[in-house]
Amino acid sequence: MWNLKGRSNKGFSWLVRSFSVSRRAPIDMAAKDSELRVFIVSGEVSGDTIGSRLMASLKGISPFPIRFAGVGGPMMSKQGLKPLFPMEDIAVMGIWELLPHLNKFRMRLKETIEAAFLFQPHVVLTIDSKGFSFRFLKQLRARYSQQGLVSPVHHHFVAPSFWAWKGGEARLKGLTEFVDHVFCILPYEEEVCRSNGLAATFVGHPILEDVLELNLEKNTPQSEWKVKGNSEDFRSKNGIAPGATVISLLPGSRLQEVTRMLSIFSNTVELLKHSFSELTTIIHVAPNQHVKDYISRTTYNWPVSVKLIPGGSPHLKYDALSASRVALCTSGTVAVEMQLARLPCVVAYRAHFLTEWFICWKAKIPFISIPNILLDSAIIPEALLQACTPAKLASLLMKLTLDEGLREKQIVAAEKVLSLLSPPQKIIENRMPQDLRWKSPDYTPSMIGASTILYYAKPR
């Protein structure tokens, strides 16, 4: 277990040194008439947001015209990507859950490798989705090697969770064969990656960029990682009575997890409905067409009043969270979003029984949500695997709804969690390349990522 208590947040203290250990030469800033070709791959909704922000940052600071190709979702499409195929085709999580989709997965992998090779990129960037991403990077590098060609630079955004598994750290050494640089979103990952020969940079957690995006017109200090939505406006527009208890439900972004978790959430709400005079649930629907269709069908006979909130609008999401008393989340990035919203939550997780057996066998940490992992404490109640039952979830939600002490404990802890996920401003300013500082006063994770990518790249 990685315990951060008593550790200093070194942030970008090794950014310059991480440049120096790269296999590639720095970008040739004299080649102003060249184009920079970036092949980018994301297979998840959260990765689509990360990818779109990285693309925007690259376009904002690059001295070269940039051309993108690869796989992504609607957010990346807005930045100029024409996806090879729907991102949902590779949005599969788990081990045995992949088996029914194996043929399609292999076909899409082969298609992606071929497209990347023909595109002749200077930079290849994969975002999370390590099952697909690492196979793609490994096979693409092998393809270049077979042809006797120099491979483009391979970056991967979101380090694999080596700290969560027995023997996980040892596997980092194998990544050096096909990954040149890793962008880390947790504060202790950079040091461990580097000690295992893998160049890495801690850029901060991407979800922190929600604050900068949503607080542009507010007088909120950048150092205060908090998003306050408009609760009254949301309740008014959605016909929610002032005295109603509102629970936000976040069942996930992949169809396989939504189909598994939403039935559990429905039965949980069924158990809760008689405990409140008026109960409304808000279901946050990921921008995935398969998920949208499934939730629309499933909630036709929902046990209580329900509002469906489409994904893709941070303003609407945080307005809905501000109107909620508590949230029930499938494990993932959303636990950090609840920290930004200062909304107390319960984290739930179920998987295929063989995947759950593997987790019990290999996992070496007791928690699954990032806030609990960072603080090494069960600040957020978790109901995992066989313990994830409607009765258990209903009990946890009732306590968190009514007990002000429990609620305050989560709200207070959120500030510490978010400070750990954010590199110190002074270190960022000292390590950001001098010629790029004037272009970005915020030094967001995507801006630091983009500047690192440009440093490694060299247009041909």
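Helix α13 passes helix α17 in a left-handed crossing, a crossing being left-handed if the near helix is turned anticlockwise from the far one by less than a right angle, and right-handed if clockwise. The two helices, α13 at residues 334–341 and α17 at residues 404–420, pack at an angle of about 120 degrees with their axes 9 Å apart. Axes are lines fitted to C-alpha atoms, for helices over the stretch in contact, and angles run from 0 to 180 degrees between N-to-C directions. V336, Q339 and L340 of α13 make the contact with A413, A414, V417 and L418 of α17, where contact means heavy atoms within 4.5 Å.

The model is predicted: local features need pLDDT of at least 70, side-chain atom pairs count only at pLDDT 80 or more, and totals for chains, interfaces and linings use all residues. Residues are numbered from 1 along each chain as its sequence is written, and side-chain values use heavy atoms, with hydrogens and water left out. The average pLDDT (the predictor's confidence in each residue, from 0 to 100) of the protein chain is 84, and 84% of the residues score at least 70. Over residues 1–33 the pLDDT stays under 50, and the model has 96 contacts beyond four places in sequence for this stretch. The pLDDT is also below 50 over residues 436–441, a stretch with 10 contacts beyond near neighbours in sequence.

The protein chain contains 20 helices and 12 strands; helices (H or I, at least four residues) and strands (E, at least two) are DSSP runs, numbered from the N terminus. Of the 460 residues in the protein chain, 55% are buried, with buried meaning under 20% relative accessible area, exposed over 50%, and partly exposed in between (1.4 Å probe, protein chains only). Among contacts in the protein chain with a separation of 6 or more, 74% are between residues 24 or more positions apart.

Five bridges join β1 (residues 36–42) and β3 (residues 123–127) in the parallel sense, and F39 stands opposite V124 in β3.

Strand β8 (residues 279–285) pairs with β9 in the parallel sense over six bridges, and T281 has V306 in β9 as its bridge partner.

The disulfide count is zero, a disulfide being a pair of cysteine sulfur atoms within 2.5 Å. For C193, the closest cysteine sulfur is that of C184, at 4.2 Å, which is too far for a bond. C193 is buried, at 0% relative accessibility. The sulfur of C329 lies 4.5 Å from the closest cysteine sulfur, in C345, also too far for a bond. C329 likewise counts as buried, with 0% relative accessibility.

Notes
Two strands pair if DSSP finds at least two bridges between them.
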